[in-house]
Amino acid sequence: MAASLTGKQVAVVGGGPAGLACAARLALLGNSVLVFEARSSQRMQEQPPLPDGDETLAQLERMIALGRIRIEHGRKLGQNLDLSELHLCHDAVFLGVGLAAGRVLGVSGAEPPGLLDAGKRVAAVHCLEDLLALPVPHRAIVLGAARSAIDMAVRLKRLGAQDVTLALRHGVEADGYVEQTARAHFVRIRPWASPLEVLRDERGGVQAVRFEQTRVVDGRLTHTGGFTEIAAHAVFKAVGRAAPEQCERDEQVARISREGERVRVDDCLRTALPGIYAGGDCVAPGQDTALALRHGVLAAQAIHADLQS
Ligand SMILES: Cc1cc2nc3c(=O)[nH]c(=O)nc-3n(C[C@H](O)[C@H](O)[C@H](O)COP(=O)(O)OP(=O)(O)OC[C@H]3O[C@@H](n4cnc5c(N)ncnc54)[C@H](O)[C@@H]3O)c2cc1C
């Protein structure tokens with residue numbers, strides 16, 4: 001039976017066995033999932049059948065019917081899909097792009113994707129000091145409900161940003177901390193707004209963020225189908241401080257990528273980048289459907305547990 005909704009939203013890139021298994025399990029655990037697949041739906045049906053007795057496709061259909069999974073076809077990471085933006089707009093990202101990983105993830109550089117991208121003016125920032133390394137925008141949006149998000153919004157105001165909006169997928173927490181802090185520092189709060197995409201101008205600069213409005217129905221956070229855009233020159237998300245072992249793993253990722261290998265993950269399929277997970281052929285040396293399915297499920301369980309903690 002499907003668990004009640006958590007209000008968390010996860011992006012899955014790749015609709016192969018690993019991605020579909022991950023999406024189905026995440027949805028079963030109560031999360032909303034958006035699957036981005038490069039191929040058309042017709043081409044996806046051409047893929048080899050899953051092993052006899054496997055429940056993934058049946059589960060997937062149930063979860064799609066419940067509205068917990070949506071699949072967008074023709075969305076290709078590296079072409080019309082950007083990892084840093086996925087990371088900003090979702091609580092977690094699972095990469096199941098198969099053998100294309102090395103080509104599309106861009107993990108080969110020294111700088112991990114999605115964490116600090118001053119050039120594109122979207123950044124998921126480990127610690128507030130990182131903000132000092134970025135140009136101060138005139139108008140900024142900070143995504144996220146945690147205290148680190150309001151702290152980041154205040155820091156941006158102090159650094160000289162004129163107009164800072166803190167966008168929350170939920171309502172404002174009852175303890176009043178966020179509201180009081182925002183009022184004291186002239187930070188605007190926009191509750192009930194779930195980020196969908198970063199809109200850019202013709203030169204690729206950040207222009208606005210598109211949100212879907214949310215509300216609580218029967219105690220569950222639901223998307224209303226109403227959309228709104230908030231203008232901004234930059235978008236930020238707080239992702240927490242990197243642990244010391246994280247830095248070590250970042251180096252490992254860089255080293256592995258330089259050798260042209262696949263994405264390095266820990267036992268729970270977490271990459272070195274907080275909030276980004278990977279599984280299937282893009283992490284496993286052998287090519288095996290059953291293993292890809294297991295990876296999808298294992299990653300979903302890890303993502304769900306990490307988002308609940
Ligand atoms: C010809 C062939 C025969 C095989 N036979 C067997 C077999 O008999 N038994 C067995 O166990 N295994 C077999 N395998 C291996 C098995 O197919 C893979 O191990 C398994 O499909 C891996 O699943 P995955 O989800 O990790 O990756 P994939 O199945 O490769 O799925 C990756 C998905 O990501 C999508 N994608 C790729 N790049 C992007 C991007 N940039 N943005 C968005 N989406 C993207 C792809 O379109 C694809 O849908 C075979 C493989 C091949 C090629």
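On a 1 Å grid over the protein atoms alone, a pocket is an open set of points where a 1.4 Å probe fits, with protein on both sides within 12 Å along at least five of seven lines, and its lining residues have an atom within 4 Å of a point. The model is predicted: local features need pLDDT of at least 70, side-chain atom pairs count only at pLDDT 80 or more, and totals for chains, interfaces and linings use all residues. Residues are numbered from 1 along each chain as its sequence is written, and side-chain values use heavy atoms, with hydrogens and water left out.

**View 1. Lining of the second largest pocket.** The lining comprises 31 residues, with G16, R39, G96, V97 and G98 nearest the pocket centre. Two or more lining residues come from each of α1, β2, α5 (101-105) and α9 (helices, H or I, at least four residues, and strands, E, at least two, are DSSP runs numbered from the N terminus). By class, the lining has 14 nonpolar, ten polar and seven charged residues; Gly counts as polar.

**View 2. The ligand in the second largest pocket.** The ligand sits in this pocket, that is, more than half of its atoms lie within 2 Å of the pocket's grid points. Its shell consists of 24 residues, the closest being E37, R39, L77, D281 and D288 (a residue is near if one of its heavy atoms lies within 4 Å). At least two shell residues each come from α1 (17-28), β2 (32-37) and α9 (289-308). Ten shell residues are nonpolar, eight polar and six charged.

**View 3. Ligand oxygen distances at E37, D281 and A18.** A side-chain N or O atom of E37 lies 2.6 Å from an oxygen atom of the ligand. For backbone N or O atoms, the distance to a ligand oxygen atom is 2.8 Å at D281 and 2.9 Å at A18.

Key:
A polar contact is a pair of N or O atoms within 3.5 Å; within protein, one must be able to donate a hydrogen and the other to accept it, and residues adjacent in sequence count only if both atoms are side-chain atoms.
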